[in-house]
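Thanks for coming. I will go through one structure today, starting with the metal sites and ending with some charged side chains. Please have a look at it first.

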Amino acid sequence: MTHVDYAERMARASRAAVDAGLAGLVVTPGPDLVHLCGYQPATTERLTALVLVPGSTPRLLVPILERPDAQAALGTAATEVSGWPDGSDPYLTLAELLPPGGRFGVSDNAWAMHLLGLQRTLPDTTYSALSEALPMLRAVKDAFEVERLAAAGAAADACFEKITEVRFAGRREREIAADLHALLLENGHSQVDFTIVGSGPNGANPHHEAADRIIEDGDMVVLDFGGLMDGYGSDTTRTVHVGDPTPEERKVHSVVRDAQQAAFDAVRPGAACQDIDRVARAVITEAGYGEYFIHRTGHGIGVTTHEPPYLVEGEHLPLVPGMCFSVEPGIYLPGRFGVRIEDIVTCTETGGRRLNNSDRGLRIVA
Ligand code: ZN
Ligand code: ZN
Ligand code: ZN
């Protein structure tokens with residue numbers, strides 16, 4: 001499949017809005033807009049908004065000077081494009097496209113000034129964040145999207161193979177991060193979102209990016225990297241070791257690997273998100289490291305690298321075929337080292353399918 005049916009995506013979003021009791025959706029530039037209609041303008045103080053009101057044709061309101069760009073980007077999508085001129089009140093124009101009352105879903109990343117302008121103009125309306133009102137809006141991917149994510153995953157896997165060939169000992173984390181950045185671009189990514197290199201004790205901080213620490217022989221090194229390729233995200237983690245690991249390092253790594261495998265094996269339609277987290281946590285807890293697994297097991301991925309669904313205790317949302325998310329348990333021993341193993345996984349009718357397939361063993365680097 002090479003063609004995205006934006007009209008169908010917008011129609012599905014409108015139906016979901018009705019089901020959620022919403023009077024409509026107001027979508028501003030960002031991931032929701034890209035997903036629904038393929039339009040990705042710069043985000044500025046000038047209001048751009050896609051309005052989906054059930055029963056009406058989708059309407060995109062743009063600054064009049066950006067109308068040609070918007071029409072070109074939308075192509076044949078069944079969307080009417082309206083322009084508002086500089087010097088006019090865009091919120092009045094937007095208000096004319098909406099029912100005068102009711103609750104609307106609004107993009108999580110809509111600027112406060114735009115939402116406040118709309119609320120001032122339509123005082124009888126209320127708003128909910130789209131990720132709360134319609135958490136499933138982007139969570140279930142179609143076949144086209146799954147294949148884009150698989151391609152991004154394969155590119156990230158190729159980067160991992162290459163990075164294990166470079167020298168680690170004696171180089172700074174930042175240099176390895178720069179190598180990863182370059183590799184992602186060489187392998188087809190248009191945007192790099194993160195290149196985490198956590199060596200030795202820095203690996204025990206899951207959010208450590210990369211710093212001036214010089215990597216030494218004997219270090220565990222957490223490598224977590226990803227970005228966007230053809231509009232879809234990659235995000236993978238492997239933990240490598242410089243030289244020979246100790247028995248304890250091998251053990252911690254194999255516990256994380258077992259936890260990751262068990263969580264992957266638990267992926268199936270109908271399983272609750274929290275169940276996947278529980279399975280991973282049980283393996284780590286049984287091995288005695290439960291208190292050192294200090295984050296959720298995973299997050300959704302699509303046109304962004306972090307989005308619903310979240311694999312976390314308390315999330316009862318059932319997995320549905322087409323959902324794509326990370327499975328990334330870890331163990332973090334403060335002041336010593338950390339291990340994390342992360343794959344993007346999609347839920348199919350029969351179970352999980354990994355979109356990352358590089359070696360999950362403890363790779364030895366020089
Ligand atoms: Zn070591
Ligand atoms: Zn990651
Ligand atoms: Zn992740």
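Where is the place of D224? D224 sits in strand 8, residues 220-229. Before I go on, the ground rules: this is a predicted model, in which local features need pLDDT of at least 70 and side-chain atom pairs count only at pLDDT 80 or more, while totals for chains, interfaces and linings use all residues. Residues are numbered from 1 along each chain as its sequence is written, chains are lettered from A and ligands numbered from 1 in the order in which they are written, and side-chain values use heavy atoms, with hydrogens and water left out. Helices (H or I, at least four residues) and strands (E, at least two) are DSSP runs, numbered from the N terminus.

Back to D224. Buried or exposed? D224 is buried, with a relative accessible area of 5%. Buried here means under 20% relative accessible area, exposed means over 50%, and partly exposed is in between, using a 1.4 Å probe and protein chains only. The side chain of D224 makes a polar contact with the side chain of T237, at 3.2 Å. A polar contact is a pair of N or O atoms within 3.5 Å; within protein, one must be able to donate a hydrogen and the other to accept it, and residues adjacent in sequence count only if both atoms are side-chain atoms. Leaving out residues up to four places away in sequence, D224 touches a set of residues including D235, E328 and E342. Contact there means heavy atoms within 4.5 Å.

Those names come back at the metals. The zinc ion (ligand 2) is coordinated by D224 (OD), D224 (OD), D235 (OD) and E342 (OE), at 2.0 to 2.5 Å. Donors are N, O and S atoms within 2.8 Å of the metal (3.2 Å for Na, K and Ca), and water is not among the atoms, so sites may look incomplete. The donor residues of this ion, ligand 2, have the sequence spacing D-x10-D-x106-E. The pair links distant parts of the chain: D224 is in strand 8, and E342 is in the loop between strand 15 (337-340) and strand 16 (343-347), 118 residues apart. E342 is buried as well, at a relative accessible area of 0%.

Why is the arrangement around the zinc ion (ligand 2) irregular? Because its four donor atoms subtend angles of 56 to 147 degrees. For the cut-offs, four donors count as tetrahedral if all angles lie between 85 and 135 degrees; four count as square planar and six as octahedral if opposite donors are over 155 degrees apart and all others between 65 and 115; anything else is irregular.

Next, the zinc ion (ligand 3). D235 bridges this ion and the zinc ion (ligand 2), and the two lie 3.1 Å apart. The protein donors of ligand 3 are D235 (OD), H299 (NE2), E328 (OE) and E342 (OE), 2.1 to 2.2 Å from the zinc. The site of ligand 3 is irregular, with angles of 83 to 162 degrees among its four donor atoms. Both H299 and E328 are buried.

Now the zinc ion (ligand 1). Its protein donors are G218 (O), H241 (NE2), E249 (OE) and E249 (OE), at 2.0 to 2.3 Å. G218 lies in the loop between strand 7 (191-199) and strand 8 and E249 in helix 9 (residues 247-265), so the pair ties together parts that are 31 residues apart in sequence. G218 is partly exposed, at 33% relative accessible area, whereas E249 counts as buried at 9%. The angles at ligand 1 run from 59 to 169 degrees, which makes the arrangement irregular. Other buried residues of helix 9 include V252, H253 and V255.

Last, the charged pairs. How many salt bridges does the structure hold? There are 24, a salt bridge being a side-chain nitrogen of Lys or Arg within 4 Å of a carboxyl oxygen of Asp or Glu. The side chains of R138 and E307 meet in one of them, at 2.8 Å, N to O. That pair links distant parts of the chain, with R138 in the loop between helix 6 (130-133) and helix 7 (143-163), and E307 in strand 12 (residues 307-311), 169 residues apart. K141 and E307 also meet in a salt bridge, at 2.8 Å. K141 counts as buried at 6% relative accessibility, and E307 counts as buried at 3%. Salt bridges that share partners join D32, R138, K141 and E307 into one network. Elsewhere, R15 forms a salt bridge with E8, with the closest N and O atoms 3.2 Å apart. R15 is partly exposed at 45%, and E8 is partly exposed at 33%.
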